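Dear colleague,

I am handing over the structure we spoke about, with my notes below it.

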Amino acid sequence: MFGLTKKDTGLLIVVAILTLLAPFILNPFPEGSAMAQFNAGYPDLMQRFVIFGIFAIGFNILFGLTGYLSFGHAAFLGVGSYAAIWMMKLLTMNVLPAIIISVLVAGLFSLAVGWISLRRSGIYFSILTLAFAQMSYALAYSVLTPITGGETGLQPKVDDPRILDAALAEGATPKANIFGLQMGQSFDLQLGGWLFTFNAGYYLAAVVMLLAFYLSIRIFRSPFGMMLRAVKSNQQRLNYTGLNPKPYTLAAFVISGMYAGLAGGLLVAMDTQVGPERMFWTASGEVVLMTILGGAATLIGPVLGAGLIKYMENILSKINKDVLHQWFAFLPDGLEDFIVAIVYPFVGKGWHLTLGLIFMAVVIFLPGGLVEAGQRIARLFRRKTQDKTTPAKTEPAE
Amino acid sequence: MTKTDVTRRGVIRSGAVAGAGLAVPTIFTAQSAAAFTNEPTGGTVTLGFNVPQTGPYADEGADELRAYELAVEHLNGGGDGGMLNTFSSKALQGNGILGKKVEYVTGDTQTKSDAARASAKSMIEKDGAIMITGGSSSGVAVAVQALCQEAGVIFMAGLTHSNDTTGKDKKANGFRHFFNSYMSGAALAPILAANYGKDRRAYHLTADYNWGYTTEEAVRTSTEAMGWETVNAVKTPLTQTDFSSYIAPVLQSGADVLVLNHYGGNMVNSLTNAVQFGLRDKQVNGKNFEIVVPLYSRLMAKGAGANVKGIYGSTNWHWTLQDEGSKAFVKSFGTKYGFPPSQAAHTCYVQALLYADAVTRANSFNPCAVAEALEGFQFDGMGNGPTLYRAADHQCFKDVLVVKGKENPTSEFDLLEIVEITPVGQVTYDPSIFGGNLGTCNPGA
């Protein structure tokens, strides 16, 4: 189906079902219960899951297939975001033009950066991209303040031109929408103790993510994808066979830059605000972590990695001392304080520490990321039929 | 060539499908019965404390969180009541807010707009927070304020000093108790003129971002009005840690005052560099060379150590103030945590109380009712003397403290001495000078 093998179609369908039913899956605990702290099914986080999923899928096309480690991908995300917000300020609050322009602008910018950076490979390439990203960050933060709003960033204002939109009603604020359907609108479904939120913005982002995922499967399985893998395995050999790898790597770089721009545009569509720290080098590092954590060069890995990191950033970081004391209230006082003292450094503001430990564990024990973990578990259950099934379609990260 | 059959049944069927498709968006407009976002229905009300727990302002954030915990304790009737006893409005009874017990959720802004908005959004969407407060950076304050305006909750800004927060980026749902760059400049200039004379030549080093720009402009305008001349203004990158290369040209410029529009670690480093270069021992134009730091905080003074001695700056509040409100707050904060509160802690504590008080006076959690209760509200007993929440831009107007690094500190907390309490009349400005549009309040839902 859709020009995919049976197995890939299966994967696409599973991902589609998971994303479309996410409001149910991510809210397994009833409202008001002690475990509700771990619910992730609220619109903002669901949107972040799929948007950063897109970002990581795009990054994986470059890193997973060609092996070129870009340390500056956040710059493309940021450029896409700025392009999108300017479309909203100048043209219309409809998100479609904003998203399309963000992809195009990020594509052009990545073409320029890629043109220069791809003259080198390995660590030099990484450093070059990092330099470009930090340069963009510094420009956005101070030098280009009139265009980027500096540290404060940009938001749609009541008195922006928005030449395609009708004038706002008195007292109304501009809201991102798609042909009138506002991104912030939600439909709440109350089932017993459970509350499920279906958000318009989330479903728009989810559909875009599915398209992006489909496109990435097609790229992975295409002759073009095969060329990119050839670049990764041995670029010199490719040169000797008379093939010039540069156009292929540049194309991969631009495609993954456009994915980042798409993610940036969607971020603005969901939450109409841009700040320069979106381009900071830690944001570039985050997407590398996502990809490696989930499994580089696998189709679903980056999405899983993005989900895990965003989950920890938003859920784990909000567990404060009070919450811990509530959980362990059943223990005798001394023991309670002791347990809280031990657990506390790993949650709340210590979520980075937990993330670091998980990352180390994954890199040491599961070089193929979360996907490898899944495969190992699956293998345990069907060891007997192993010889008949095809070998794992993924390859470990570098 | 494809053959298309148009049948009656087919037309009806596709018409029905299209109709259903068009009707889909209308189910999204079905709103819940609540009159405003996150209307508290049970016996509790949730406030969202969004402070930097990691990143460059983590110290301020930690102190803000301590202040919020203290405020919640006092609102729920615990502890010694702190400023509730000195606050001029007696609406709060120590039984929560409108009889509902105050609960809170915390989040980490990381001093990044994106992270701050994500954290505030999760408080609003997931935890049902009715009000968001906190923060230690103007960029974050502006970003979160805009979010709260969209979502329909009240935002009570924490430490944010840029003019923009209640200037060009002001919002109807956002309120700021802290003072701003303009007030710093207006309060400092007369003191500087009185101590250093009216014919000084100033050299500015300015942190290269919005807050730096507004502070530089404020200090420039008010000192030039006093007769000073601005020789040069140089922007320094925010990430700079060694300012030697920026300090060296100062002496050649013929300037006799150096103004450091820096905050936090930037100020600690630039001031230390300037003192190490021996600037303060120099004589230029027949006068002693002087250094000025427009925005001071105790945490910064601590970082710069002995270098702050005798250096002028302004601050929102200081724990050595001797009015009843300040004494009550310092006492209950000190009893609970063992050290005096910072100005960030003070402004956050006051903001939490002011919000609770406004809800009680309005007898409603509805953001529009709360905003109305805060607008034009005059109060006293919160440590800054008589204070007005101006309706036109949601900025608090109160006395501003001009402080000086203490020559002989008696403890590690006793680093600043109050030189003058600038009366509010001298720092009041016309709300229209910064532009911006307050809009109308948004109750959400």
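Domain bounds, as used here, come from an automatic or database domain assignment. Please also bear in mind that this is a predicted model. For chain B, that assignment gives domain 1, made up of 44-179 + 319-394, and domain 2, which covers 182-315. The C-alpha centres of domain 1 of chain B and domain 2 of chain B are 31 Å apart, and where the two touch, 13 residues of domain 1 of chain B and 13 residues of domain 2 of chain B take part in the contact. On the domain 1 side of this contact in chain B, helix H2 (58-75) and helix H4 (138-151) each provide at least two residues, and sorted by class that side holds three nonpolar, seven polar and three charged residues.

Turning to chain A, the secondary structure amounts to 17 helices and four strands. The radius of gyration of chain A is 22 Å, close to the 21 Å that the globule rule gives for 398 residues, so chain A is as compact as a globular protein of that length. Its C-alpha atoms occupy a box of roughly 70 × 65 × 40 Å along the principal axes, and 47% of the 398 residues in chain A are buried.

When neighbours within four places in sequence are left aside, the contacts of A:Phe55 are A:Leu77, A:Tyr259, A:Ala260, A:Ala263, A:Val287 and A:Ala306.

Finally, two backbone details may be worth a look. A:Arg162, although not a glycine, has a positive phi of about 45°; this residue sits in the loop between helix H7 (145-148) and strand E1 (177-178) of chain A, and it is buried, with 21 other C-beta atoms within 10 Å. A:Ala297, likewise a residue other than glycine, has a positive phi near 65°; A:Ala297 is placed in the loop between helix H12 (281-294) and helix H13 (301-314) of chain A, and counts as buried with 25 C-beta neighbours inside 10 Å.

How values were computed: Residues numbered from 1 in each chain as written. Chains lettered and ligands numbered in written order. Predicted model: local features only at pLDDT ≥ 70, side-chain atom pairs only at ≥ 80, totals over all residues. Rg over C-alpha atoms; globule rule 2.2 N^0.38 Å. Buried ≥ 20, exposed ≤ 12 C-beta atoms within 10 Å, placed from the backbone. Contact = placed C-beta atoms within 7 Å. Nonpolar A, V, L, I, M, F, W, Y, C, P; charged D, E, K, R; others polar.
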